[in-house]
Amino acid sequence: MILLLISFIGLSIWGYFIEKTPIGDYKRQSSMVEAIEDGRPDKISIEAKKKKWALVVYSFSATRNFKEIFLRPSRSIKDKKFEVFNGLKFIMSIWVMLGHCYLVGSQYGNTSPAFKQQVLSWLFCQIIVSADFALSFFYFMSGFIVMYSLIKKYQRGAEDLLLHRQAQPKQSMQHQQRRISFYDEQLNMIQDCETMSVPKLNKRTLPKQVLARWLRLAFPTYIIVLFTLSMFIYLGSGPAFYNVIDYNIITPLEEHWWVIMLFMQNFLPWGSLPGLYWLHFVANDLQFYAVVMMPAIYLYHNHNRYIVLTYLSSLVLLSLSYILLTSLSLSFSSILNVSDNRMFDLLYRAPFGPVGYYSLGIILSIFYFEYSQAVGNRELRKRNAYRFMSYIGRTKATQFTFQLLGLFMVMLMVFIRYWSFVNVPEKEIDQGRWPIVANAIFNAFSHYLFIIGFVLIFLPIFIGKLSIVRDIFASSFFRPLARVSFSALIIHGLVLFLVFFSHEQSVYFDHKNMIFIYFSLVFFTYLIALFVALFLEYPFRTMAKVVFSPPKKILRLNRELAKELNTNVDNLFNDSDNDEGDEDGENLVDQVVEQQQMEEEEIMAKAGVRISAQKEVQLGQGLDLSTGTFGKAPGDPHNSAKMLASSDLSGNSKSRLSKEVQQMMMISEFSIDKDLYSKEKHD
């Protein structure tokens with residue numbers, strides 16, 4: 001195990017040299033264009049110039065992973081509203097740790113039924129016993145965020161382009177001028193290339209997505225298991241530490257280590273725990289991703305929307321029925337009872353209950369995606385998602401009403417069990433005074449109502465309101481804490497056992513000791529989680545993307561070439577109407593059209609490679625030759641058509657312009673006038 005840890009440190013150092021030196025670069029690289037990072041046009045992309053083996057080593061670079069955790073914004077989802085989940089992830093993580101701390105203390109601490117009665121009779125202790133809501137909310141967040149990121153990755157832009165074309169009116173004959181006809185041809189070509197450049201989602205892509213998810217979750221989990229078996233027993237001390245760790249963790253893990261390796265710890269061994277019992281959520285997440293997420297994104301991508309919603313709604317209903325019938329048949333309490341493992345095994349560990357929370361997250365993710373699409377497309381504003389969200393955002397009173405409703409639902413689910421356990425007799429301390437039917441109904445519906453309540457509270461943020469609340473939960477303080485939340489959750493159980501049992505005598509189960517242990521747990525968990533994420537989680541997370549989902553290349557002109565080409569920027573972006581410039585521009589357009597017709601196949605192939613750069617250019621943006629990047633072109637959009645004609649290029653510069661650079665500039669030029677052209681057609 002020590003050699004393995006040393007090897008990871010060595011890989012991180014080697015990855016740093018891969019990042020800073022030309023080691024692993026492709027020998028043949030174009031001198032005309034260079035690749036840039038997605039969302040960072042000032043940064044040269046390392047992924048585009050390194051060989052695959054070098055990228056695998058580069059994944060372990062400590063500097064790269066440190067920047068990924070602390071500094072860089074999300075790449076998969078660029079919607080800043082999703083950054084509110086950073087604060088929610090941290091809050092839910094420490095809530096899970098709070099419940100786990102009291103759960104271990106109630107089972108192994110020096111306590112009695114009388115003190116349990118005293119704890120449950122305190123109103124605010126309902127926050128502690130409600131920590132299972134946080135775990136359900138994690139399943140919901142996972143389904144919501146992953147589904148939205150996959151939809152954006154395999155964009156359904158083809159549908160919107162088709163609606164855009166169908167919505168444009170036919171022009172009369174007098175408007176069919178040569179320039180407009182040429183723009184029509186180029187616009188269709190660009191849109192077709194954009195559609196072709198969208199990553200394909202097919203039956204061969206789905207296994208790669210599952211393998212990428214497995215690689216991200218598997219190796220950090222495997223290394224934690226190996227560390228627990230080999231070194232964890234030597235870290236603690238105290239009379240109870242060795243016996244408790246050996247009986248509850250080491251021995252079961254030695255017998256059932258293969259269960260965790262196969263991600264079946266949520267099923268096996270049935271009736272007993274496989275050692276690291278808190279890792280059941282990892283198996284659930286991977287199984288949900290393969291069985292629920294992949295069919296949902298595949299069907300939705302192929303426009304089977306109603307089949308997807310029917311499938312997901314059925315899973316939610318089956319989950320509700322399963323929890324309700326199981327709680328009724330086995331007379332479960334409304335709180336998690338550790339004296340009998342059946343409630344934990346059947347309602348929390350097994351996937352049949354949590355799958356509903358995950359499915360609900362996917363449903364609401366589709367709902368929000370369709371709303372966001374309708375915001376920028378009038379043809380889609382008949383959707384129910386847009387109507388509902390628009391109704392909420394219509395007035396502040398409506399927003400406040402929905403938020404109050406959501407807050408009431410959350411508070412009700414958290415504190416309503418107080419009336420079941422306040423001053424309850426000692427013999428009923430585990431069951432409460434509610435009848436079995438009431439406990440079963442609460443177990444079945446409470447988690448869904450809690451999730452919906454939080455959704456209603458934060459819903460105005462996703463329609464552009466409550467900027468103050470959004471800034472608080474999306475602050476940079478929560479970003480690294482949220483990004484190491486997975487590492488924190490998989491190791492917090494070990495840290496808890498280490499802190500709780502490394503005492504000279506048994507811990508007395510009271511609030512003072514539990515709060516002290518809890519804050520120690522949170523501090524040391526996140527401190528260790530930072531190193532786990534730095535050297536284990538993020539390297540394999542990046543490796544999964546490199547191996548199974550390589551990043552798209554976003555190209556721009558080489559900086560030196562761009563500076564040489566841009567010899568007269570002021571003339572390129574002037575607002576004067578020069579007839580000679582117009583005539584020269586039209587001649588240049590004719591030459592480009594003639595060249596395109598002669599080499600259409602070659603141009604389309606190269607345009608398909610470079611269209612990812614074009615997708616980053618919003619309407620009204622052009623190619624700034626002074627920096628080689630895409631930026632706003634001041635003045636009239638018509639000036640972009642004159643740019644090449646009026647530029648003063650040297651003979652050497654013109655000779656260096658390859659066909660691929662000309663095509664790249666042509667695509668950028670004609671994309672600038674998409675808004676103008678659409679307006680002319682409507683006029």
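Predicted model: local features only at pLDDT ≥ 70, side-chain atom pairs only at ≥ 80, totals over all residues.
## Serine 333

S333 sits in a loop. The relative accessible area of S333 is 3%, so the residue counts as buried, since the cut-off for buried is under 20%.

Beyond its neighbours within four places in sequence, S333 contacts M343, F421, D430, Q431, N439 and N443. One of these, N443, is 110 residues away from S333 along the chain. Even so, the C-alpha atoms of S333 and N443 are 8.4 Å apart. The side chain of S333 also has a polar atom 3.3 Å from the backbone nitrogen of I335.

## Serine 130

S130 is in a loop as well, between α6 (126-129) and α7 (131-153). Its relative accessibility is 0%, so S130 is buried.

Which residues does S130 touch, leaving aside its neighbours within four places in sequence? They are W95, V414 and R417.

C101 has a relative accessible area of 0%, so it is buried. C125 has a value of 1%, so it is buried too.

How many disulfides does a search of the whole structure find? The search finds zero. A disulfide would need a pair of cysteine sulfur atoms within 2.5 Å.

Notes: Residues numbered from 1 in each chain as written. Heavy atoms only, no water. Helix = DSSP H or I, 4+ residues; strand = E, 2+ residues; numbered from the N terminus. Buried < 20%, exposed > 50% of the residue type's maximum accessible area, 1.4 Å probe, protein only. Contact = heavy atoms within 4.5 Å. Polar contact = N/O pair within 3.5 Å; in protein donor to acceptor, adjacent residues only side chain to side chain.
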